[in-house]
Amino acid sequence: MKSNTSRRNILQGFIVTAVVVGFDPVNRSWITSANAAQSFVNLPHLDGVIYTDDATRANAADDFGHLVYRLPKAVLKPGSIQDIVRIIQFARQNNLKIAARGQGHSCYGQALLEAGLVIDMSPLNKIHHLSADRVVVEAGVVWSQLLQATLKQQLTPPVLTDYIELSIGGTLSLGGIGGASHRYGVQVDNVLELQIVTGKGKLETCSPYQNCDLFEAVLAGLGQCGIIVRATIRLIKAFTNVRVFLLDYDNLDTFTHDQRLLIADERFNYVEGQVVSDTKGGWRYMLEAASFYTPPNQPDNTSLLASLSYTPGTEQIEDKSYFDFLNRLAESVAYLKSINIWSNPHPWINLFVPSTAVKQYVGKIVSTLTLADTGNGPILLYPVKTDRFKLPLFRTPNEPVVFLFAILRTAPLDDATVRKMLDENRKFFEKNRDLGGTRYPVDAIKFSDSDWKQQFGPVWGRLVSAKRRYDPDNLLTPGQGIF
Ligand SMILES: Cc1cc2nc3c(=O)[nH]c(=O)nc-3n(C[C@H](O)[C@H](O)[C@H](O)COP(=O)(O)OP(=O)(O)OC[C@H]3O[C@@H](n4cnc5c(N)ncnc54)[C@H](O)[C@@H]3O)c2cc1C
């Protein structure tokens, strides 16, 4: 029965390959029905399929950054949560490294591994129970799929990332920040319960009230202690429409002053901002704020814009549906794909900068930056309130307000420029670290053991003991380079 299912799935995918039947722990190789003569350890029953063909492995060897390439020996497309339990137990017995892969949108090999087994989470894509204040989803679901389902009930997750084609497991292992974070924290702050397969191969349920230690070790835990297989996510009432305000500033101080004001009084539902190029080869600032509403109610533009010091007459105001607003990157991504730029290297840098250092730090960087340094990629700069962040492993500077500062670079296909950008990332990181800043580790910065210790600071010991407890053989997520 098992091998019939496997064979059928493989043929449906038009991949001509033999069925994996076991693993040879001596030669460290997967055994297929084609080379099953030698001795090997039998694979446990799986509802899904393990692939060892070149195309599937090559796909799992690369990510959105296109900066590192690590070829796994096999890829599991699980057919059930139990598959993940079984394969981790099997990996423990055979000393195999494991990495979960959501949508592979990290930049520096975070979901990659050399030689081991990648679990492609995308087949675990069911939305289970949707009720008035929560939804239970599998970790391979992408946020756009979840949002479409919740909006049918006029509900929404409180916080969404700028790009919503990311997996739930992927963003929950990092944090998940967006324009509503000044109100609701990051996505991990809106999780009510999780199902995890730990590095011991145990399926565990955890929440703030049950196995809290595991809950706190996994959310923003960079995949070190367990694989998220299901999440219960808080929902709130959704508005149908959004009024978007784009406001121009030519001065960093005024721009950040107004952003701080807006997140303090919470007059908007959504606040972000960008450093954008001006026509003279320099930079200006664009505040992006949005007010959510459901007609016949309408936002009051005058009171929303009161006491803001943007350049008069520059405001752009546009109404959109709630979904179109949250899905607004889809059009640009389709365009970048159509001109083959989306597949260029992405040496991104994503930092949290203490509010007190923003003027000095960001001001200095922006004064030296050119469009060539960003490859026309966006530069994000927006504040959030740290009292909204509840999870210990989501690391931000120790100030009430911190700024996300992200240079989302696109590099040309030229190794020297990529190296230069990566070196610059490291310099920018160090300067920010010396000012009390932290890194948001979705990006591409070379990190040493001591950098990780410093990044986790007072909770480093906690992460180490959670790792020992839940992944004692150190199987999980080597691509982060922490253990
Ligand atoms: C265009 C674009 C826009 C973005 N915008 C934002 C944004 O606005 N806000 C924001 O916060 N981030 C943003 N990001 C970063 C994004 O959140 C991370 O890159 C995230 O990791 C992507 O999710 P993914 O499904 O691709 O994860 P992957 O890259 O596949 O995985 C990321 C890490 O999580 C681990 N992992 C994956 N699934 C699981 C699981 N189920 N259990 C445990 N560990 C797992 C992986 O092993 C890896 O270490 C953006 C990225 C892109 C490319």
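The structure is a predicted model, in which local features need pLDDT of at least 70 and side-chain atom pairs count only at pLDDT 80 or more, whereas totals for chains, interfaces and linings use all residues. Residues are numbered from 1 along each chain as its sequence is written, and side-chain values use heavy atoms, with hydrogens and water left out.

The pLDDT, which is the predictor's confidence in each residue on a scale from 0 to 100, averages 95 over the protein chain, and 96% of the residues score at least 70. Over residues 1-16, however, the pLDDT is below 50, and this stretch has 19 contacts in the model beyond near neighbours in sequence, a contact meaning heavy atoms within 4.5 Å. Where pLDDT is low, the predicted coordinates should not be read in detail.

A backbone N or O atom of Gln103 lies 2.8 Å from a ligand oxygen, while an N or O atom in the side chain of Ser173 is 2.7 Å from an oxygen atom of the ligand. For Gln480, a polar side-chain atom lies 3.0 Å from an oxygen atom of the ligand.

The domain assignment of the protein chain gives domain 1 (2-120), domain 2 (127-238 + 461-472) and domain 3 (241-444), with bounds that come from an automatic or database assignment. The C-alpha centres of domain 1 and domain 3 lie 38 Å apart, and their contact takes nine residues from domain 1 and 14 residues from domain 3. Across this interface the rule finds zero salt bridges, a salt bridge being a side-chain nitrogen of Lys or Arg within 4 Å of a carboxyl oxygen of Asp or Glu.

Technical notes. Polar contact = N/O pair within 3.5 Å; in protein donor to acceptor, adjacent residues only side chain to side chain.
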